[in-house]
Amino acid sequence: MRLILLGPPGAGKGTQAQHLVAKYGLVQLSTGDMLRAAVKAGTPIGRQAQNIMAQGALVPDDVVVTIVEQRIDQPDARKGFILDGFPRTVPQAEALDRMLAKHGLALDAVIELKVDEAALIRRIESRIAEMTARGEALRPDDNPDVLRRRLEAYRSQTEPLIAYYRRRGVLRSVDGMAPITEVARQIEGVLANVADAPRSVNRSVKPKAKAGPKRNASHLGKKSKTRRRASRKRPVPKVRSKARSEAG
Ligand code: ADP
């Protein structure tokens with residue numbers, strides 16, 4: 001199962017991704033988390049990304065494409081993943097198509113969390129206020145001015161992906177303004193209808209528990225043929241020769 005969660009900052013992608021991790025034992029790949037880890041570790045990518053992120057702009061496509069490509073090649077991501085925060089531009093989506101096509105894989109669904117922008121700003125502002133009141137550290141880009149810039153970046157660079165994935169027939173929209181449990185229910189409804197529907201793992205399994213991936217791995221052999229066949233039916237964009245150079 002390979003999924004994308006699409007929506008503006010504060011739409012609840014991370015919350016829903018964590019729910020899916022716990023329920024289905026999928027791996028969450030958040031480019032925001034990966035970049036923050038790189039910044040913290042002071043790697044060359046982190047040093048390149050730090051100021052860009054603090055200003056609410058987007059890190060260059062080749063940088064994020066490289067980190068995603070490396071990450072989805074890791075063993076825990078082979079059986080599937082949830083992309084949260086990637087792709088964020090059309091060139092990133094094209095690079096992802098090429099990566100997947102190279103491995104004979106396809107996306108199962110792109111889930112758009114539809115939200116109202118004014119409510120979103122209020123949501124993030126109250127989250128910032130709550131965290132400040134609890135004395136918790138804020139992200140450098142968690143402030144109202146930068147948030148507006150992040151929303152602008154979303155509108156101009158990421159929103160075109162809605163049409164991109166709608167054209168490919170994989171876009172599914174859910175109401176991101178509904179309560180968290182209702183959004184989760186709607187997403188589960190979407191997933192129940194995709195060809196490679198995920199199986200629920202024991203609810204008591206924590207997101208990072210080892211049992212999740214292992215348990216799921218046990219049915220991989222049985223399902224892999226179906227998965228490959230299902231993948232072939234879907235429109236997989238053609239691999240272009242530029243793939244490697246853009247990714248590297
Ligand atoms: P948000 O809470 O805004 O959804 P994320 O945690 O996903 O934020 O990302 C934080 C910042 O990291 C973004 O504002 C951007 O600077 C950078 N970033 C994350 N993912 C990408 C990406 N796919 N492409 C470019 N920049 C990214």
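**A sheet, its cores and a ligand shell**

Helix H2 contributes the most to the shell around the ligand, with 3 residues. The structure is a predicted model, so local features are described where pLDDT is at least 70, side-chain atom pairs count at pLDDT 80 or more, and totals for chains, interfaces and linings use all residues. Residue numbers start from 1 along each chain, as its sequence is written. Helices (H or I, at least four residues) and strands (E, at least two) are DSSP runs numbered from the N terminus.

Around the ligand there are 17 residues, and the closest of them are Pro 9, Thr 31, Gly 32, Val 59 and Gly 85. Helix H2 (31-41) and helix H3 (44-54) are the elements that give two or more residues to this shell. A residue belongs to the shell if its C-beta atom, placed from the backbone, lies within 6 Å of the molecule. Sorted by class, the shell holds 9 nonpolar, 5 polar and 3 charged residues. Here Ala, Val, Leu, Ile, Met, Phe, Trp, Tyr, Cys and Pro count as nonpolar, Asp, Glu, Lys and Arg as charged, and the others, Gly among them, as polar.

Stepping back to the whole protein chain, 12 helices and 5 strands are found. Of its 248 residues, 33% are buried (20 or more other C-beta atoms within 10 Å of the residue's own; 12 or fewer means exposed, and values in between partly exposed). Among contacts in the chain with a separation of 6 or more, 78% join residues 24 or more positions apart (a contact means C-beta atoms within 7 Å).

The 5 strands build an open sheet in the order S2-S3-S1-S4-S5, with parallel pairing. Strand S2 (27-30) and strand S5 (171-175) form the edges; each has a single partner strand, so one side of each lacks a neighbour in the sheet. On average, neighbouring strands are turned by 25° against each other, direction ignored. Helix H1 packs on this sheet, where it touches strand S1 (2-6), S2, S3 and strand S4 (109-114), and its direction makes about 170° with that of S3. Such angles run from 0 to 180 degrees between N-to-C directions, with axes fitted to C-alpha atoms, for helices over the stretch in contact.

The individual pairings can be followed strand by strand. Pairing requires at least two bridges found by DSSP. S2 and strand S3 (residues 81-84) pair in the parallel sense over 4 bridges, and Ser 30 stands opposite Asp 84 in S3. S1 and S3 are likewise parallel, over 4 bridges; here Ile 4 faces Leu 83 in S3, and Leu 5 stands opposite Asp 84 in S3. S1 also pairs with S4 in the parallel sense over 4 bridges, with Leu 5 opposite Ile 111 in S4.

Which way do the residues of S1 point? Arg 2, Ile 4 and Leu 6 point one way, Leu 3 and Leu 5 the other way, and all are buried. S1 is thus mostly covered, with 5 of its 5 residues buried. In S3, Phe 81 and Leu 83 point one way, whereas Ile 82 and Asp 84 point the other way, and again all are buried.

Several of these residues return in the largest nonpolar core, which has 39 residues; Leu 3, Ile 4, Leu 5, Leu 26, Ile 82, Leu 83 and Ile 111 touch the most other members. Helix H1 (residues 13-24) gives the most to this core, with 5 residues. A separate core of 5 residues includes Met 34, Leu 35, Ala 38 and Ala 49. A nonpolar core is a set of buried Ala, Val, Leu, Ile, Met, Phe, Trp, Tyr and Cys residues joined through C-beta atoms within 7 Å.

Two local details complete the picture. The peptide bond from Phe 86 to Pro 87 is cis, with omega near -5°, and Pro 87 is found in the loop between S3 and helix H5 (90-102). Ser 156 lies in helix H7 (residues 144-158). Is Ser 156 buried or exposed? Ser 156 counts as exposed because it has 11 C-beta neighbours inside 10 Å. Ser 156 and Thr 89 are 67 residues apart along the chain, and their C-alpha atoms are separated by 9.0 Å.

Methods:
Contact = placed C-beta atoms within 7 Å.
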